[in-house]
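This note is for a colleague opening the model for the first time. Please keep the sequence and the 3D view side by side while reading.

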Amino acid sequence: MAQINEFVSLDREGAVAIITANNPPVNALSHGLRVGLLDALKEAKVDATVTAIVLICAGRTFVAGADISEFGKPPRLPGLNEIFDAIESSPKPIVAAIHGTALGGGLELALTCHYRVAVASARFGLPEVKLGLLPGGGGTQRLPRLVGIDKAMAMITTGDMIGAAEASASGLIDEIVSGDLRAGAVAFGQKVGAKGGKPPLVRDRNDKMVAARANPGIFDEFRKTHGRRWRGQMAPNHIMKTLEAAVNLPFDQGIAEERRLFTELMNSDQSKAQRYFFFAEREAAKIPGLSPDAKPIEIKLCAIIGAGTMGGGIAMNFANAGIPVILIEQDQKNLDRGLGVIRRNYENSAARGGLTPADIDRRMALIRPSLTFDDVAQADLIIEAVYENMGLKKEIFGKLDRLAKPGAILGTNTSALNIDEIAAVTSRPQDVIGLHFFSPANIMRLVEVVRAEKTGKDIIATAMQVGKQLKKVPVLARVYEGFIGNAMLRHYGREAHFLVEEGAMPQQVDKALTDFGYAMGMFAVHDLAGNDVGYRMRKAAQASRPNDRRYSDIITLLCDMGRLGQKTGKGWYRYEPGSRTPIPDPEVEALIIAQAKAKGIERRVITDEEIVKRCVYGPINEGAVLLEKGIALRPSDIDIVYVTGYGFPSWRGGPMFYADTVGLKNVLDDIKRFHERDGFFWKPAPLLEQLVREGKSFADYQAGR
Ligand SMILES: NC(=O)c1ccc[n+]([C@@H]2O[C@H](COP(=O)([O-])OP(=O)(O)OC[C@H]3O[C@@H](n4cnc5c(N)ncnc54)[C@H](O)[C@@H]3O)[C@@H](O)[C@H]2O)c1
């Protein structure tokens, strides 16, 4: 075997040359790998005894993408397209042998090969859309030629992967290898090599494109069905244009169109935001000052107290990750209800094709129900998820302190209570930590890991590690009212309600927010979640409100009228029976106008621009406060929280990234204007003022830490 360079080797079996790529962990098409591939191809081509070439990868996967750390930097030759041309123009057939995932540039590489074989567990996808891009290595032109336009539209606009069976049925791969991949690929290579003649090129296959031309309405139909999801986003719309080019233009013109649109996306703010966000997730895992003394504790058993909305979802996360759970309730009725919900959730996933009945049984078997508090004694991690009540939580932590084994982590899922106060009832506050999951906990990826005053470093390290094990995005926060996310949400919610009192209607506010990129506006969300969420708290607070601040009571009044939201057929909007479409309701509009009048507010015309600024700049200003107080470690952590937990559009990078794109001075100028006009809530954050004074951005602030 010849080692071509650090990343590529060349081997022989009979008349078949085998090029092996080895660039752990995912064989990304880095510069070194590209150089090696090109050299190996040259050698295999000139060897007259070679009749076919197999391209295979070492390690856990086929090439799983381009090297995204090279994105946005000056290109280093040879580029991807040079490799692709060298493969496609090879007079000897090249067989891609695929295991793991052929993703992005990896799948495009396979598409330039003359044949593709794969193991049954292999998966295939073009996920570029998730970074605000499109496949720029011919993927938009070659994939539809193999799989047809319908499947190509579905795969490329969602970025979702398909399995080997589907790939085989749709024509993406030529054979599923059941035994050893390398042996199977070599046998396949021998067969096609022996045939001789010019190898077949994907670019020459036009039958499926000709068929698509017979149905010119196909693109508009697809846009009609899926376009709502892409509102405001460039990448999926550009992808559709490249696919139209694949159908309507000769291959080389289609490639030119793909390249032009790819470049546009690569230079767009949207893709920059999405690539920033990709790296922000990795960054969040790094906790300064934690290593090397902090060692994660291995979690072999988790106990969860409370099988309600949150406890049940959290238990599913552990079961999904293969970690046994004891689920402890106060009585049989609540336990049965909780377990019933878990089973139904699993059955729903199974109905959608995500799980087999055996998977459900395996996961349910990992969740052991219990009514005995003493069972916490065996657990390495305990997560309390009972009602949001300080007295109750203190009682529970007192018990945990007596029963849990030494060194066990004592976690709480509280949304708003002071974790220092909870920790103080135990003799081991160093082991107490907040693990703030979001609802539905089995689906939402965000977990705020909340370190209390005395939380130990090994406990923090373990909590971050557990988050990762559960396939979540853990973000470290400190104790503060609402931690990171809910602290920011307060400002968003308040402004949305004030805007309605001042002159906008719910439908205008919601439309401005969805046009900005939110999947739903504030009032549609209220109606979905139920306007009575927090009702008791709001009622209780009414009596003790400080009188230097303004409040909006419309949501409370709606509840008093029985307008709880979708579940009662009316809330901020009304709903036709069986429909979730919000319809503006004159009754609500009259209530809003009367309420404004009663408060002496003169209603005025409010622009969409003002709606967006007030709903977005409030959280940004609070974000600066969170940084200043050390509640959040970095601006990008705040962005992760607000995008993954609160629906802020990822293609805007998050509120802090968005503030940088607007320019901090512009943001601060508006905040000052709002402060002058509306007072109290808009006090500019000193950190924001400081950054503007120094001519810096949040990105500069993060880089300088
Ligand atoms: N629901 C959300 O959206 C959400 C989101 C994040 C965090 N939280 C927080 O999670 C916690 C739980 O909220 P939830 O929505 O799941 O509440 P829930 O009312 O759905 O469930 C609470 C469960 O705790 C059980 N319980 C009460 N006392 C108990 C005891 N002494 N021993 C054992 N079990 C007991 C109850 O029977 C009930 O099943 C709260 O602190 C809440 O603030 C909720």
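1. Basis. This is a predicted model, in which local features need pLDDT of at least 70, side-chain atom pairs count only at pLDDT 80 or more, and totals for chains, interfaces and linings use all residues. Residues are numbered from 1 along each chain as its sequence is written, and side-chain values use heavy atoms, with hydrogens and water left out.

2. Three strands, in the order 6-8-9, form an open sheet with mixed pairing. Helices (H or I, at least four residues) and strands (E, at least two) are DSSP runs numbered from the N terminus, and two strands pair if DSSP finds at least two bridges between them. Strand 6 (101–103) and strand 9 (162–163) are the edge strands, each pairing on one side only. Strand 6 runs parallel to strand 8 (residues 123–125), with three bridges between them; L103 has G125 in strand 8 as its bridge partner.

3. Helix over the sheet. Helix 3 (residues 105–112) lies across strand 6 and strand 8, at about 90° to strand 6. Axes are lines fitted to C-alpha atoms, for helices over the stretch in contact (heavy atoms within 4.5 Å), and angles run from 0 to 180 degrees between N-to-C directions.

4. Strand 7. Is strand 7 (residues 115–119) enclosed or open? Five of its five residues are buried, so strand 7 is largely enclosed by the rest of the structure. Buried means under 20% relative accessible area, exposed over 50%, partly exposed in between (1.4 Å probe, protein chains only). Y115, V117 and V119 lie on one side, R116 and A118 on the other. In a regular strand the side chains alternate between the two faces of the sheet.

5. Partners of strand 7. Strand 5 (residues 94–98) runs parallel to strand 7 and is joined to it by four bridges. Strand 10 (residues 175–177) also pairs with strand 7 in the parallel sense, over three bridges. A118 is the bridge partner of I98 and stands opposite I176 in strand 10.

6. Cores. A nonpolar core is a set of buried Ala, Val, Leu, Ile, Met, Phe, Trp, Tyr and Cys residues joined through side-chain atoms within 4.5 Å. The largest has 86 residues, and those with the most contacts inside it include I98, L109 and F124. Another core, of 69 residues, lies apart from it, with I554 and Y573 among its members.

7. Helix 11. The buried residues of helix 11 include F251, E258 and M266. What covers the buried residues includes helix 4 (139–147), helix 10 (234–248) and helix 12 (269–284).
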